[in-house]
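Please look over the sequence and the model below before reading on.

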Amino acid sequence: MRIFENHRQRSFFWIFPILFMAGFYFLPMASILGHTFTSGSDSLSTNQINWTIAGRVVGFTFYQAILSTLITLLVGIPSSYLFGRFSFRGKNLLRILSTLPFILPTVVVAAGFNALIGPKGWLNLLLMDILHISNSPIRLLNSMPAILIAHVFYNTSIVIRVVGTAWEQLDQKLENAARMLGATPSNVFWKVTFPLLLPSILSATILVFLFDFTSFGVILMMGGAAFTTIEVEIYIQTMQFLNLKMAGILSLIQLTFSMLLTFLSLRVSGDRNVPIIPMIEGEGLRKPNSFFEKLFVYILTVILVILLVSPTAALLLRSILTFSLSNSIGKIASWGLSLENYRGLFFNDRHSLFFVPPITALRNSVLFAAASMTTALILGIMISVSSSKNERSNKFLGFLAMLPLGTSAVTLGLGYLSAFSSTPNSIRWFPFLIPMVHALIALPFVIRIIQPVIHSIPKNLYEAAMTLGVPERQLWKHVDLPLIRKSLATAAIYAFAISLGEFGATSFLTRPEYPTLPIAIFRYLNLPGGENYGKAMAMAAILLLICGGGFFIIERLQIKVKGENQ
Amino acid sequence: MLELKHIEKNYNRLPLLEDVSFSVGKDETVCILGPSGGGKSTLLRIIAGLEEPDAGQVLWDGREISTVPPHLREFGLMFQDYALFPHLNVFDNIAFGLHLHHIEEDEINRRVDEALEMVSLQQIANRSVTDLSGGEKQRVAFARALAPKPNLLMLDEPMGSLDRALRDQLIKELHMLISEMDIPVIYVTHDQEEAFSIADRILILNEGRIVQSGSPQYIYMNPEDLWVASFFGLNNKLEGKICSINPVIAETVIGKITFSCGKGKFSVGEAVDLVILPTAISVKENDDDLNYFEGRIIDNIFKGNSFTIRVVILGSAEFSFQIMTPYPKGKNVGFTINPDSILCFKRKK
């Protein structure tokens, strides 16, 4: 922005982000360090580090992350080929579906898979009905396959987004040039296509591994007690054993690896050398021709639809299903579709662990999301506007703001807990920290969406506007705002959705009287009884619809932007 | 030698190529010239094997090769915008095709060096291709296409995005290199000057059809129809009706005009299109001369070695002519039009 050419004005905008980062990032992180390495006065008997558990947990975290990443690549790379090289009917819908998981909260995904393969899910209900048995025959939940399926569901979209886009933009002339020089089809792939896609594949792999490595909600809700990763163990050590020392050391291990991975991923994505050429949309795409190509497109489409659609569809349907089982055998006595689960959200029944009706959780979530969206947007604009591409000091600010990306949500939650719990009355105002940590988590996304747009505004536009009679003080209104409006809206929706679905950090800060929607879903999923399960489904469905709606708007914004560029 | 017979290609049910037949001799350089979207690149892709024709045959030395995959055809293609592999340096780009032909390492090195020398790029063998200038990229692409010693070389708009001065220089170099080769060359371009300076023979391709073929000189002097004439930039068009056949005279909006082309081709009363070459006029005072006209100069543009004047005759028809001395704007001039510098075509229905 032109008005920020002035250095003094710019540094004024620096103060707020730096204060925010100091108070809400560095202080909590320092506090974890403090708790871990000083022998605190409040040392409880359990407050020690168990290296056996730590070793086991770290080992399992790597194991599941590597396995999840490999399977994700196995699904994701053929899918990238599908999206990057073929045009077929329904492709656009499939593309939207396959990017949807990116914005879905973990609780929604967990609830979705629960609705599909859980003990009270569709598959089991159907099998019980058909086989006349009273126990659910499929026990996929709380198992390693459940974790893997959920991770593949989540992260295939990343591979498709990164590798598929690169594949689509890979100039087909290069492949043709290789063929003209005598390369067989397999030569073309291994000597041209693969080397050119490698940076994108690496970048996607690191990103997927990072997400699998720091996965919390999925493991907690779908892995059960048998499987604890670093994240889950931090939560258990903190919330169940109050062992902040153990949690702290795990956090530091986690932080080291996730920071390394984050900066590796930022570096790799920086030097992608896929030749991106201006293309007419769909220029490199072809209709599947041969029998094998058709078979490939058909089978992969079916697999993707089952993988991507079934959990969300199962969730939506399960949320409007009510039924009763006949007593001894599993046969369903009666069932029907109703909004009873949704109606239940307005009541606070006696058996509930909550002091408030579930609908209050929705209200809390929306309020928190609005607050954190506003905070993240204001900070994001300040950072984007005051940093320019060249200056070293500015780069440093951008780097600072990216730190939360490499810090797991659970680590942040633990940090807040240990930094702010010592103050008097902390329990009472704890929930008000939630928007702050959400804003911190959303900040890197906001910056990555709006900063490139702000930086890409050419200087001569301001000069043109001024020669056409726009006063310097109004440049932002006539030049900047119209140009960044859409990315601002996109960033706002992202921030809102991130906050709405955030589970990891929130689970450390929540109080019974101020639950957020994800926390409520998690609690209700763990409560016995079909009624509670139904309410969890209804809440998850609401969350799904809100996030899905936001995602739909983002998609529309993008399509419009594309059209304008042409 | 390459021969194409009745090639047809449709895209989305619209004809892209219609009944295209031609052949290229052993060491002949053929230019396919035409406006963009005329089907030139599709034709090249069919010869290369990157696309299959819907109908027709591609023959190499009399053998049908329509179904032979591109990597087995041993044809070289230099792509528009060059398509250099960004993950390989200059040397490895040129060596790419040689590796695939299972040639020994020493031989590869020798041949790449040879190719680099041919295009005078020995110094930058280890440079990344993304750092090259447009002209350097073009040379690397040329060397890469030639290194495997193809049986046929195709060049798709090789001067594509280069600026004027560089283009003139490179056309000269390319012409030297191509004329020394003893393989057939097919050169695709939309630029007539390029085609004229490179080609032994020119094929003009418009809307999927070959509308004319012949040597550059012949084609330029004898455009087949009004479209080819306007494609060459001849825009002094005039509609007329034949009113005498010996001498040939046509009645037009600017009056009667006599010309020498098409003797015996027309009959009285036939509708024709005339094109007056820009060099056709000489300024005269005497209104008794043949094809004498008067007009008002509405513009006068300095072109370095000559002037282009725009003249309005009888207040309606506007023409551009090339003359050696300037005339001020607004002045009326009298001039004659050389009957030998008028092209005439039967009006198409």
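## Terms and numbering

Two strands pair if DSSP finds at least two bridges between them, and the strands (E, at least two residues) and helices (H or I, at least four residues) are themselves DSSP runs, numbered from the N terminus. This is a predicted model, in which local features need pLDDT of at least 70 and side-chain atom pairs count only at pLDDT 80 or more, while totals for chains, interfaces and linings use all residues. Residues are numbered from 1 along each chain as its sequence is written, and chains are lettered from A and ligands numbered from 1 in the order in which they are written.

## The sheet

In chain B, strand β7 (residues 152-156) runs parallel to strand β8 (residues 185-189), and four bridges join them; M154(B) stands opposite I186(B) in β8(B). Both strands belong to an open sheet of six strands with mixed pairing, in the order β6-β7-β8-β3-β9-β10 (chain B). Because β6 (75-78) and β10 (209-214) of chain B stand at the edges with a single partner strand each, one side of each is left without a neighbour in the sheet.

## Two helices in contact

F91(B), I94(B), A95(B), L98(B) and H99(B) in α2(B) meet I108(B), R111(B), V112(B), A115(B) and L116(B) in α3(B), where contact requires C-beta atoms, placed from the backbone, to lie within 7 Å.

## Two domains

The domain assignment of chain B, which is automatic or taken from a database, gives domain 1 (2-231) and domain 2 (237-346). The C-alpha centres of domain 1 and domain 2 of chain B lie 40 Å apart, and the contact takes four residues from domain 1 of chain B and four residues from domain 2 of chain B.
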